[in-house]
Amino acid sequence: AEAIGLYNLGQSCCLNSLLQVFLMNIRFTRILRRITVPPSPAQRRSNVPYQMLLLLEKMQCGKCKAVGPTDLACCLSEHRVKLFVQHDAAQLFLTLWNLLKKQMKNPELVKELSDLYTICIQEHLACQKCSFEIKSNSIMLTLPLPVLDANSHRLKTLEDCLQYFFHPEELTGQNMCFCQQCGRKTTFLQSMKLVHLPQTLTLHLKRFCFERSSRTHKLSHSLPFPQELDLREVLTEDQCLADDSEKATWQYELFAVVAHSGSTSCGHYCAYIRSLTECKWYCFNDSEVCQVSWDDVKCTYGHSNLYWRETAYLLFYMKKHPQ
């Protein structure tokens, strides 16, 4: 009764893929199983965590090869999540996550959910004329990684994208900031430092490129990502603001890939997920689920001439040795 498909309700492939990534994560389902059941039928109908739990139970009764996420979809539409439209997986992931967090009433569970998924980064701004600096911490659900550099050159690997994201940037010209000490706009150096990484790390490859002509096009060039990722090897000392015990947990193993095929206006999503109990890879394509190999997953690296082919869009990594 491991991997069960989800019927497509009409352009619900994006939702289906993300639900599979949530529900195949045993650390997430452990939290989900401990939620408080809302008292009234109306509250139960509009409670996203509860509807997700019902869907999980339906998937685990093991009678069918696929189930319909109809009740959950109706529940989401009450919260202004449109049905029967094309969604962007990164945006829908954030929307689902926010609804889950908002509707889990127990503060302890909310904290566990945040610990499971959220990344902490410090943004550092330093005036290049004097000693003035501003530091601010921010919490992120995903790292939005550019796949092109500032000169529109293709970044070649996932590690390159991560290094580029954390690379300091000079804010000059129109991007100059006001310096309180200098009393005028000056050139600032902006840098990101990694403070804390979660158990489940989500990386968003920014493959959809919004042009000034308002047409979105997809960057589908090949971008390999590893099965094992050690952030200590990718980032430099000064890109990290963490002690050794925190950094010791920055070794990750790929858990899931949400891949997009087709064009931006007419596309399809599916999910490749490594079962945490069996350690086998599966492809979840709506109601169809089949076991696949790592070579099949590597097919989502992308290919510049075949832009309609599948390309990885969201990558989910899982800590190897949590604290």
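Predicted model: local features only at pLDDT ≥ 70, side-chain atom pairs only at ≥ 80, totals over all residues.
Domains first. The protein chain is split into domain 1, residues 1-118, and domain 2, which is made of 141-167 plus 199-322. Taken over C-alpha atoms, the centres of domain 1 and domain 2 are 22 Å apart. On the domain 1 side 32 residues take part in the contact, and on the domain 2 side 34 residues do.

How much area is buried between domain 1 and domain 2? The figure is about 2600 Å², and carbon and sulfur atoms give 66% of that area.

You can find a salt bridge between Glu288 and Lys65, where the closest N and O atoms are 3.2 Å apart.

Which elements of domain 1 give two or more residues to the side that touches domain 2? They are strand β1 (5-6) and the helices α1 (13-23), α2 (26-32), α6 (89-103) and α7 (107-117). Of these, α1 gives the largest share, seven residues.

Next, the sheet. Four strands form an open sheet in the order β4-β3-β9-β6, and the pairing is antiparallel. β4 (133-140) and β6 (169-171) are the edge strands; each has a single partner strand, so one side of each has no neighbour in the sheet. From one strand to the next, the twist averages 30°.

As a reminder, strands of a sheet pair through backbone hydrogen bonds, in either a parallel or an antiparallel arrangement.

I will take the pairs in sheet order. β4 and β3, the latter covering residues 119-127, run antiparallel and are joined by eight bridges. If you want a residue to look at there, Gln122 has Asn137 in β4 as its bridge partner.

β3 also pairs with β9, residues 188-196, again in the antiparallel sense and over eight bridges. Here Cys127 has Phe188 of β9 as its bridge partner.

What about the β6 end, and how many bridges join β6 and β9? There are three, and this pairing is antiparallel too. In this part of the sheet, Glu170 stands opposite Leu189 in β9.

That covers the interface and the sheet.

Terms used: Residues numbered from 1 in each chain as written. Heavy atoms only, no water. Pairing = 2+ DSSP bridges. Axes fitted to C-alpha atoms, helices over the stretch in contact; angles between N-to-C directions. Domains from an automatic or database assignment. Contact = heavy atoms within 4.5 Å. Buried area = accessible area lost by both parts, 1.4 Å probe. Salt bridge = Lys/Arg side-chain N within 4 Å of Asp/Glu carboxyl O.
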